[in-house]
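Here is a short briefing for a first look at this structure. Start with the view below, then follow the topics in order.

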Amino acid sequence: MLSPADSHQPSAPPLAGNAAAGPTALCRAAGLSLAALARLLSGASVRWVASQPDTCQRVYFANHTSHLDAIVIWSSLPQAVRELTRPVAAKDYWSRGVVRRWLAQEVFNAILIDRTDIKVHQSPVDLMLREVGSTKSLIVFPEGSRSVTGEIGEFKSGLYYLAKKRPEIELVPVHIDNLNRVLPRGEFLPVPLLSCISFGPPLWLERGEAKLDFLDRARRAVIALKE
Amino acid sequence: MNDIRTIALITGVLTLLTAATAVGQFLKRHPDRGLDPAAVNTFNLRLRGWWIMCTVLAAAFWLGTTATVVLFGLVSFWALREFITLTPTRKGDHRALFWVFFLFTPLHYVLVGLNRYDIFSVFLPVYATLFVLARVAFAGDYKRFLERTAKIQAGLVVCVYCLSFAPALLQIQIAGAAPAGRSANFRLLFFLILLVQFADCMQYVWSRMLGRRLVAPTVSSNRTWEGLLGSATSTALLAAVLWWAAPPFEPWQAALAGFVIAIMGFAGGMTMSAIKRDRGVKDYGTLVVGHGGVLDRIDSMCFAAPVFYHITLLVAGAAP
């Protein structure tokens with residue numbers, strides 16, 4: 001379970017967004033109540049399979065089934081871990097409207113990625129790594145968009161480049177079960193069924209491992225949590 | 001709730017639970033008594049469940065009729081959640097399910113709370129059914145249409161409609177009982193819950209002791225005809241002994257009610273086993289178990305409550 005990043009404590013210096021005391025208290029309260037609401041609505045039971053919650057620097061990568069995914073994973077983490085964890089979300093969805101933008105930026109402290117306008121000198125991976133610094137963790141969905149059929153699609157290469165540039169970060173597979181029935185693609189009213197979030201044992205990029213091999217291994221790690 | 005019968009009933013149950021807990025703890029500490037440790041563990045888990053059930057029920061009774069109706073409403077909501085999670089649905093069912101959860105279930109309990117028997121007795125079986133059929137049709141997905149709508153319908157009837165007859169017992173007018181205190185009605189509900197739990201236990205005990213012929217080996221590997229008969233007889237006996245607790249009943253009527261409650265409870269258990277078997281415990285079984293499995297706890301109650309309600313109505317000879 002040890003990794004070079006283990007030395008980082010939760011009391012790490014606060015990054016952007018935590019400067020003023022007033023909005024932070026409000027955002028914390030909003031965050032806590034939203035986490036509780038998300039847990040209640042999705043009836044999520046949380047399993048840690050051969051792994052433990054930890055405040056060390058991690059990338060949680062999960063299958064993508066619903067708009068609720070990021071919120072539910074985020075709320076499944078213990079409070080101390082949650083405060084250090086930033087979801088990666090699509091800019092085109094999360095910057096639309098005042099409420100969504102406020103939620104994404106202030107409450108979830110999300111990193112918004114522009115899916116439509118990816119530049120070479122401003123790659124999403126560089127942006128993510130710059131934003132997380134040496135303390136924060138990430139929640140990513142390597143499939144890129146929500147699955148229509150419920151099958152777990154091929155992973156995009158971002159996860160590989162993340163692992164290559166920061167090989168010491170723990171990559172934790174996460175499997176989300178049944179959340180696509182709570183809020184399927186194209187629906188806005190949730191049905192309060194029970195879902196299950198499974199966190200698996202961390203993995204790392206092996207020395208000299210080819211991109212496709214690594215992505216396939218990561219994808220199979222998520223699928224393996226289905227049982 | 002300050003009459004002698006209620007106090008006697010509550011004291012009796014508390015004494016029984018305390019004694020059982022003492023025995024359970026003793027068996028846990030002394031595993032050398034030749035008893036199956038798994039059975040002892042199950043027994044202790046069951047007991048813990050009953051303590052929780054008793055505490056919550058006592059709180060609801062103390063707070064009054066409305067609180068009890070709300071409590072049963074929440075239990076129904078959670079049970080329906082487990083039921084629908086267990087059964088596969090398609091995307092075309094999503095909107096229908098939304099209204100089932102957030103409109104029909106709460107509204108039904110509001111009608112129960114208002115004692116509108118004339119409406120709540122048809123609201124879910126007729127109007128919710130029509131709505132679900134039409135809403136799924138409007139969604140445009142005709143694949144296995146009847147199968148899907150039947151699943152939603154079965155969930156609503158078992159988890160919501162049937163269970164709601166338990167708190168509806170609080171609204172029955174009993175001749176001779178003071179309408180203000182309503183402690184007689186609370187005793188009726190308590191009587192039902194006690195008998196259902198007792199019948200469950202007796203079924204287990206008789207099946208283990210004398211069980212030979214399984215009712216349906218493919219559905220349940222521990223429910224036997226001997227268990228059913230033994231449980232029905234012992235529950236009838238207990239009901240006859242406790243007849244004084246259930247206001248409108250003569251001893252023989254109470255015994256008959258107990259007999260029917262045990263059989264209905266058994267039927268409920270069998271039904272839920274069949275559904276779980278069909279889904280394969282692997283699927284969402286683990287998930288529901290992690291949540292304590294409300295549906296597992298109330299399956300017998302769901303089947304027994306409406307029958308007991310109507311027996312009481314018949315015996316009391318009054319409109320609800």
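Two residues are in contact if their C-beta atoms, placed from the backbone, lie within 7 Å. The model is predicted: local features need pLDDT of at least 70, side-chain atom pairs count only at pLDDT 80 or more, and totals for chains, interfaces and linings use all residues. Residues are numbered from 1 along each chain as its sequence is written, while chains are lettered from A and ligands numbered from 1 in the order in which they are written.

**Chain A overall**

- Chain A has 9 helices and 7 strands; helices (H or I, at least four residues) and strands (E, at least two) are DSSP runs, numbered from the N terminus.
- Of contacts in chain A between residues at least 6 apart in sequence, 74% join residues at least 24 apart.
- Chain A has 227 residues, and 42% of them are buried. A residue is buried if 20 or more other C-beta atoms lie within 10 Å of its own, exposed if 12 or fewer, and partly exposed in between.

**Tyr60(A)**

- Tyr60(A) sits in strand β2 (residues 58-62) of chain A.
- Tyr60(A) counts as buried because it has 26 C-beta neighbours inside 10 Å.
- Beyond its neighbours within four places in sequence, Tyr60(A) contacts Ile73(A), Ser137(A), Leu138(A), Ile139(A), Val172(A) and Val174(A).
- Tyr60(A) and Thr85(A) are 25 residues apart along the chain, and their C-alpha atoms are separated by 9.1 Å.

**Where the chains meet**

- Chain A puts 12 residues in contact with 14 residues of chain B.
- The side of chain A that touches chain B has 7 nonpolar, 3 polar and 2 charged residues. Ala, Val, Leu, Ile, Met, Phe, Trp, Tyr, Cys and Pro count as nonpolar, Asp, Glu, Lys and Arg as charged, and the others, Gly among them, as polar.

**Domains of chain B**

- Chain B is assigned domain 1 (64-171) and domain 2 (182-320); such bounds come from an automatic or database domain assignment.
- The centres of domain 1 and domain 2 of chain B, taken over C-alpha atoms, are 22 Å apart.
- Their contact takes 20 residues from domain 1 of chain B and 21 residues from domain 2 of chain B.
- On the side of domain 1 of chain B that touches domain 2 of chain B, α3, α6 (145-162) and α7 (165-168) of chain B each give two or more residues.
- α3(B) gives the most to that side, with 8 residues.
- That side of domain 1 of chain B divides into 15 nonpolar, 4 polar and 1 charged.

**Helix packing in chain B**

- Helix α3 (residues 65-86) of chain B packs with helix α4 (residues 94-113) of chain B at an angle of about 155°, with axes 10 Å apart. Axes are lines fitted to C-alpha atoms, for helices over the stretch in contact, and angles run from 0 to 180 degrees between N-to-C directions.
- The angle therefore makes α3(B) roughly antiparallel to α4(B) (under 35 degrees is roughly parallel, over 145 roughly antiparallel, 65 to 115 roughly perpendicular, the rest oblique).
- The contact of α3(B) with α4(B) has 9 nonpolar, 5 polar and no charged residues.
- α4(B) also packs with helix α5 (residues 117-138) of chain B, at about 170° and with axes 11 Å apart.
- That makes α4(B) roughly antiparallel to α5(B).
- The contact of α4(B) with α5(B) divides into 14 nonpolar, 1 polar and 2 charged residues.
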